[in-house]
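Trainee: Before we look at any detail, could you show me how to read a few features of a protein model, one after another?

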Amino acid sequence: MAKTEEQSNSEAPPSILVMGGTTEGRIAAEICDGAARPFLYSTKEGDQAIQAAHATLLSGSLDAQAMTKLCRAQCVGLIVDAAHPFATMAHATIGQVAQQLGLTVIRLARPKQALPYPIHWVEHLEQVPVLLEKLKVESALSLAGVKSIAPLRPYWQGHKLWVRIMDRKTSWTTVETMRFPREQIVLYQEAHDDLAMFTKLKPGAIIVK
């Protein structure tokens, strides 16, 4: 007797959904691909290229309803949360969907390493403008990418801020939409000498993720 699609899906191992688009996303994709097991790799923008023979690439923002529908349709049993460290909405959505469907979540977070210079930790980029004002920092350099422009707006409207971005159409669209000064954009270049950039710009603070 031929098996129905529902029976086949119930007997298949649960799918893995990797919420990526970050350095951690690449790590997760490499591990999943090394296991030679099909998995879903989802990014918001869809502009992160990964080398994974067993991945199905998905792009577009997922709210709770869309993620729930995806997980049910693809029989997802595990979500790997490798989203951007400051993507609070994404992390909250993953937690909500996982609790609703009874899914396991693995969160890949960046460790807080001890560094040989003064550092101030924040949970969200929106906290940075207040901190910079408190520290009386007159100029800053953001290495947190184009997505840092919007939350840092209260700072750069009254102070000098450089932002390093990837040379992508979507990034330039954000720059134009936010009316951020183009002359204060620094393009990311692989193997670029960051020390030379710091020496040239002389920022009072460097924002990293």
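Mentor: Helices and strands are DSSP runs, a helix having at least four residues and a strand at least two, and they are numbered from the N terminus. In this model, which is predicted, the protein has eight helices and nine strands.

Trainee: What share of the 209 residues in the protein is buried?

Mentor: Buried residues account for 38% of the 209 residues, while the accessible surface comes to about 13,200 Å², with 54% of that surface belonging to carbon and sulfur atoms.

Trainee: How is a pair of aromatic rings described?

Mentor: In general, one gives the distance of the centres and the angle of the planes. The structure holds one aromatic pair, formed by W156 and F180, with 5.0 Å centre to centre and 80 degrees between the planes. The pair is edge-to-face, because planes over 60 degrees apart are counted that way.

Trainee: Where in the chain do W156 and F180 lie?

Mentor: W156 is in helix α6 (residues 153–156), whereas F180 is in the loop between α7 (169–178) and β8 (185–187), so that the pair links distant parts of the chain, 24 residues apart. Both W156 and F180 are buried.

Trainee: Why does T68 count as buried?

Mentor: A residue is called buried when its relative accessible area is under 20%, and T68 is buried because its value is 6%. T68 sits in helix α3 (residues 64–73), where a polar atom of the T68 side chain lies 2.7 Å from the backbone oxygen of A64. Leaving aside neighbours within four places in sequence, T68 is in contact with V97, Q100 and L101.

Definitions and conventions: Residues numbered from 1 in each chain as written. Predicted model: local features only at pLDDT ≥ 70, side-chain atom pairs only at ≥ 80, totals over all residues. Heavy atoms only, no water. Phe/Tyr/Trp six-rings, centres within 6.5 Å; stacked < 30°, edge-to-face > 60°. Buried < 20%, exposed > 50% of the residue type's maximum accessible area, 1.4 Å probe, protein only. Polar contact = N/O pair within 3.5 Å; in protein donor to acceptor, adjacent residues only side chain to side chain. Contact = heavy atoms within 4.5 Å. Areas by Shrake-Rupley, 256 points an atom, 1.4 Å probe, with all protein chains shown as cover.
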